[in-house]
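The sequence and structure come first.

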Amino acid sequence: EIIKEKKIIEEFFMVLGKYPEKSAYGFERVKTALERGAVYKLLISKKLDKHIIAEYEKMAIDMGSETSLISDETQEGEQFYNITKGLGAILRFQIE
């Protein structure tokens, strides 16, 4: 489970670095991407309030996006939270 999680975080940071237009993070940007059906994979930190997690998970499921809950028990998970404030997405297409 932790190895799978690390790979997903790695993929997110790789996309963010190489193709920033195909990634989104932060509440507003991720919500916009979800509403437009642009999210391929949604990453949600387990540190977020469970109501927020449920809200974003539901939006992702409704749009056919994959979701992954990211723990803060690893260095990568902590780094993900610190950079994204708990929400990140790999996009199917650019949204702007």
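The largest nonpolar core has 17 residues, and those with the most contacts inside it are Val30, Leu34, Leu42, Tyr56 and Leu91. A nonpolar core here is a set of buried Ala, Val, Leu, Ile, Met, Phe, Trp, Tyr and Cys residues joined through side-chain atoms within 4.5 Å. Buried means under 20% relative accessible area, exposed over 50%, and partly exposed in between (1.4 Å probe, protein chains only). Two or more residues of this core come from each of helix 2, strand 2 (39-45), helix 3 and strand 4 (87-91). Helix 3 gives the most, with four residues. A second, separate core of eight residues includes Ile8, Val15, Ile70 and Ile90.

The model is predicted: local features need pLDDT of at least 70, side-chain atom pairs count only at pLDDT 80 or more, and totals for chains, interfaces and linings use all residues. Residues are numbered from 1 along each chain as its sequence is written, and side-chain values use heavy atoms, with hydrogens and water left out. Helices (H or I, at least four residues) and strands (E, at least two) are DSSP runs, numbered from the N terminus.

Contact means heavy atoms within 4.5 Å. Not counting residues up to four places away in sequence, Leu91 touches Glu21, Lys22, Ser23, Ala24, Ala33, Ala38, Val39 and Tyr40.

Two helix pairs are listed below. Axes are lines fitted to C-alpha atoms, for helices over the stretch in contact, and angles run from 0 to 180 degrees between N-to-C directions.

| Helix pair | Angle | Axis distance |
|---|---|---|
| Helix 2 (27-35) and helix 3 (50-62) | roughly 30° | within 9 Å |
| Helix 1 and helix 4 | about 40° | 10 Å |

Helix 2 and helix 3 are therefore roughly parallel to each other (angles under 35 degrees count as such). In their contact, Phe27, Val30, Lys31 and Leu34 of helix 2 meet Ile52, Glu55, Tyr56, Met59 and Ala60 of helix 3. These residues divide into seven nonpolar, no polar and two charged.

Between helix 1 and helix 4, the contact is made by Lys6, Ile9, Phe12 and Phe13 on one side and Glu76, Gly77, Gln79, Phe80, Ile83 and Thr84 on the other.

Ile2 is found in helix 1 (residues 2-18) and, at 43% relative accessibility, counts as partly exposed. The C-alpha atoms of Ile2 and Glu73 are separated by 9.0 Å, with the two residues 71 apart along the chain.

Lys85 lies in the loop between helix 4 (75-84) and strand 4. Phi of Lys85 is near 65°, a positive value in a residue other than glycine.

Key. Parallel < 35°, antiparallel > 145°, perpendicular 65-115°, else oblique. Nonpolar A, V, L, I, M, F, W, Y, C, P; charged D, E, K, R; others polar.
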